[in-house]
Amino acid sequence: MASALLSELPKGVEQRHSPALRIAHWIVVALVFVTWPLGLMIGFVKDQVKLDFYVVHESIGFLVLWFMLLRLGIRMSGGAVQVDAPRGEKLAASTVHGLLYAFLIIMPVSGFLATNAHGFPLQWFWLVPIWSPIGKSPEIAPILSAIHFWSAWTLLALVALHIAAALFHHIIRRDATLYRIL
């Protein structure tokens, strides 16, 4: 039964990323798909609950940062499978992956620093105070907020491109690209 199922899978499916990398990937996906809409909703909620939305949004964003640093360490230590592909395709994939990693680190760092600069240090899920490296700095707060805002939209575009590429490989090419991360 299992051998029959494996015979239907695309060639190369046996080459999967390490379990640690796959788990970290899907944790980050889940956190981003919760954090991103929460950030959008902050502008539409009543003032009485706005601060709570900020705390949850920033606390989950802080988790994204740490899981991304973990993913980066796993990837750099050989957790990712090297794939045979045309040179241009490899360049495109590595560029998008590099940008995803960069923006998934820039986003939480800029958000954390922006709220600190606005005078709101992070109380991680209302429990743990997180040290602020800059403190209240009204002169740089708008710059950090702008970086966070534009990074969010850039990240959304990169995620859409990443999903489109995964679906292209899965539906059109029918190769093992998607299976490597499942």
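Helices and strands here are DSSP runs, numbered from the N terminus. The model shown is predicted.

Figure 1. Read along the sequence, the order is α-α-α-α-β-β-α. The C-alpha trace spans about 60 × 35 × 30 Å along its principal axes. The protein has 182 residues, and 34% of them count as buried. Take the contacts between residues at least 6 apart in sequence: 73% of these join residues at least 24 apart.

**Figure 2. Helix α2 covers residues 19-41.** This helix has 23 residues. From first C-alpha to last it reaches 34 Å. That is close to the 33 Å expected at 1.5 Å a residue. Its buried residues are L21, R22, A24, H25, V28, L31, V32, T35, W36 and L38. What covers them? The cover includes α3 (47-79), α4 and α5.

**Figure 3. Helix α2 packs with helix α3.** The two axes lie 9 Å apart, at an angle of about 155°. Angles over 145 degrees count as roughly antiparallel. The pair α2 and α3 is therefore roughly antiparallel. The crossing of these two helices is left-handed. By class, their contact has 18 nonpolar, 6 polar and 2 charged residues.

**Figure 4. Helix α2 also packs with helix α5.** Here the axes are 12 Å apart, and the angle is about 135°. On the α2 side, the view shows H25, F33, W36 and L40. On the α5 side, they meet A152, W153, L156, V159, H162 and I163. This contact has 8 nonpolar, 2 polar and no charged residues.

**Figure 5. Helices α4 and α5 run alongside each other in a roughly antiparallel pair.** Helix α4 covers residues 87-117, and helix α5 covers residues 141-173. Their axes come within 8 Å and cross at roughly 150°. That angle makes α4 roughly antiparallel to α5. The crossing is left-handed. Which classes of residue make up the contact of α4 with α5? It divides into 18 nonpolar, 9 polar and 2 charged residues.

**Figure 6. F103 lies in helix α4.** Is F103 buried or exposed? Its relative accessible area is 18%, so F103 is buried; the cut-off for buried is under 20%. Neighbours within four places in sequence are left aside here. Beyond them, F103 is in contact with P108, S151, T154, L155 and L158. A further pair gives a sense of distance. F103 and G39 are 64 residues apart along the chain, and their C-alpha atoms are separated by 16 Å.

**Figure 7. H17 sits in the loop between α1 (2-8) and α2.** H17 counts as buried because its relative accessibility is 13%. Which residues does H17 touch, not counting those up to four places away in sequence? They are R22, G79, A80, V81, R180 and I181.

**Figure 8. F125 has a positive phi of about 50°.** F125 is not a glycine. Most residues other than glycine have a negative phi. Where is F125 found? It lies in the loop between β1 (123-124) and β2 (128-129). F125 counts as partly exposed because its relative accessibility is 26%.

**Figure 9. R174 also has a positive phi, of about 55°.** R174 is not a glycine either. This residue is found in the segment after α5. Is R174 buried or exposed? At 64% relative accessibility, R174 counts as exposed.

Methods
Residues numbered from 1 in each chain as written. Predicted model: local features only at pLDDT ≥ 70, side-chain atom pairs only at ≥ 80, totals over all residues. Heavy atoms only, no water. Axes fitted to C-alpha atoms, helices over the stretch in contact; angles between N-to-C directions. Helix = DSSP H or I, 4+ residues; strand = E, 2+ residues; numbered from the N terminus. Parallel < 35°, antiparallel > 145°, perpendicular 65-115°, else oblique. Left-handed = near helix turned anticlockwise from the far one by under 90°. Nonpolar A, V, L, I, M, F, W, Y, C, P; charged D, E, K, R; others polar. Expected span 1.5 Å × (residues − 1). Buried < 20%, exposed > 50% of the residue type's maximum accessible area, 1.4 Å probe, protein only. Contact = heavy atoms within 4.5 Å.
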